[in-house]
Amino acid sequence: MKEREGRLIIFSAPSGSGKSTIIDKLTSEYGLEGHFSVSATSRSPRGEEVDGVHYYFLSPEEFRRKIEEGEFLEHEEVYPDHFYGTLRSEVDDRLARGEVVLLDIDVVGALNVKKIYGAQALTIFIQPPGLETLRERLEQRGTDAPEKIEQRLSKASYEMTFAEQFDSRVTNDNLDFACWSTRQIIEDFLNGVEKHIVLFPGSFSPMHVGHLALGNYLVETHAEVTEIWYSLTPESPFKQGKRQLPETFRIKWAEHLLQHHPRMQLSLEELSLPRPNYTVETLHHYKERYPRYRFSLLMGSDSWMDFPTWYKPEEILADTHVYIYPRPGYDVEEVASQDRASLIHGAPRFEVSSSEIRQLLSLGADLPYLLMTSPDHPLYKELIAELREE
């Protein structure tokens, strides 16, 4: 039997981004199991530090010799004769035993190590919400002089230019959510999940700027999310009897709006499922058809309040995470602490609904900004014609 291949998880971040805190919480509270590679250094041991446990302590001459012989995956000379580095043997031996190896190294070193191990390694970049937030955090520490803080900020600005080269980027503006998001990214990597898809089900009659803005915000601010799939529904069990725009038109309209969003796409698979459609059955269909993908669900806080009345809600939550966006009059702030549901903080809010848009258009209003389409576009004119036939 072939032994499990080891995996390498590499963390990097500008100083003050909260990387160490996130790693500590992942290992102590979130159950992340892995072995930190012991780094090598040319400095002398401090206090009760033990060779081979805290660091491999080498003389500057030994360190240079190992560099010349190619024994380091990455290294840095912080000061003259003051080296730090990761020995290749330290990582390779653990990977050969099928272990999960954790590295906490600088940005350039992380990208260099990624080139060596490829798909066997996952790089995660922890970043602050912005440089001003980082400045505040460094000042609150009270450990650095003003000129040192400016040096750290300058270095952070440089390091953040490499962020897009990492496999995943996590913004640490909320510690608990940053930890949860990082854990999801790591679990998907270790389980061989190729994509994390968030399903956004709806009749989209018609799709409008609110739908797009919400999906755009989620996929860009949640590092664990790969794509948003707008799952077009034929008829909701809660909206039976309400007339909708024709299926063929809703498809054309949604494809028109989504054509320039590579990480947001229309899914028509629910249209072929038995009716009435129930979310639990739709999720089963997606998971069976795409076994290498992980699926989550997106819904409004109003739907979340009604969720206990859905068909088999416990079965949905058993293996599906739910992202909840706030709707006026439905306060569900407490869901943020639940493992299978999280509130999307900071999501754009559009109080207008598709039914209100249909009504306004039928009365002669022009809504190009809500519909993100010029009134001169043929599809816009077709939409007006469909509504006036009702």
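**Sheets, cores and helices**

Reply: Start with the open sheet: 5 strands in the order 2-7-1-8-9, with parallel pairing. Strands are DSSP runs of E of at least two residues, helices are runs of H or I of at least four, and both are numbered from the N terminus. Two strands pair if DSSP finds at least two bridges between them.

Me: Which strands stand at the edges?

Reply: Strand 2 (35-36) and strand 9 (168-171) do; each has a single partner strand, so one side of each is left without a neighbour in the sheet.

Me: Before going on, what are the ground rules for the model?

Reply: This is a predicted model, in which local features need pLDDT of at least 70 and side-chain atom pairs count only at pLDDT 80 or more, while totals for chains, interfaces and linings use all residues. Residues are numbered from 1 along each chain as its sequence is written, and side-chain values use heavy atoms, with hydrogens and water left out.

Me: OK. How many bridges are there between strand 1 and strand 7?

Reply: Strand 1 (residues 7-12) and strand 7 (residues 100-104) pair in the parallel sense over 5 bridges. Ile-9 has Leu-102 in strand 7 as its bridge partner. Helix 3 (residues 88-96) packs on this sheet and touches strand 1, strand 2 and strand 7. The direction of helix 3 makes about 155° with that of strand 7, where angles run from 0 to 180 degrees between N-to-C directions and axes are lines fitted to C-alpha atoms, for helices over the stretch in contact. Contact means heavy atoms within 4.5 Å.

Me: And strand 8, buried or exposed?

Reply: 7 of the 7 residues of strand 8 (residues 121-127) are buried, so strand 8 is largely enclosed by the rest of the structure. Buried means under 20% relative accessible area, exposed over 50%, and partly exposed in between (1.4 Å probe, protein chains only). Ala-121, Thr-123, Phe-125 and Gln-127 point one way, and Leu-122, Ile-124 and Ile-126 the other.

Me: What does strand 8 pair with?

Reply: Strand 8 pairs with strand 1 in the parallel sense over 5 bridges, and 4 bridges join strand 8 to strand 9, also parallel. Leu-8 stands opposite Ala-121, and the bridge partner of Gln-127 in strand 9 is Thr-171.

Me: Switching topic. Which residues have the most contacts inside the largest nonpolar core?

Reply: Met-207, Ile-228, Tyr-230, Trp-253, Leu-298 and Leu-361, in a core of 38 residues. A nonpolar core is a set of buried Ala, Val, Leu, Ile, Met, Phe, Trp, Tyr and Cys residues joined through side-chain atoms within 4.5 Å. Helix 9 gives the most to this core, with 6 residues.

Me: What covers helix 9?

Reply: The cover over its buried residues includes helix 8 (209-221), strand 11 (227-232), strand 12 (264-267), helix 14 (368-371) and helix 15 (378-388). Those buried residues of helix 9 include Phe-249, Trp-253 and Leu-257.

Me: Last one: what is the order of the 4-strand sheet?

Reply: That open sheet runs 4-3-6-5, with mixed pairing. Strand 3 (residues 40-41) and strand 6 (residues 82-87) pair in the antiparallel sense over 2 bridges, and Thr-41 stands opposite Tyr-84.
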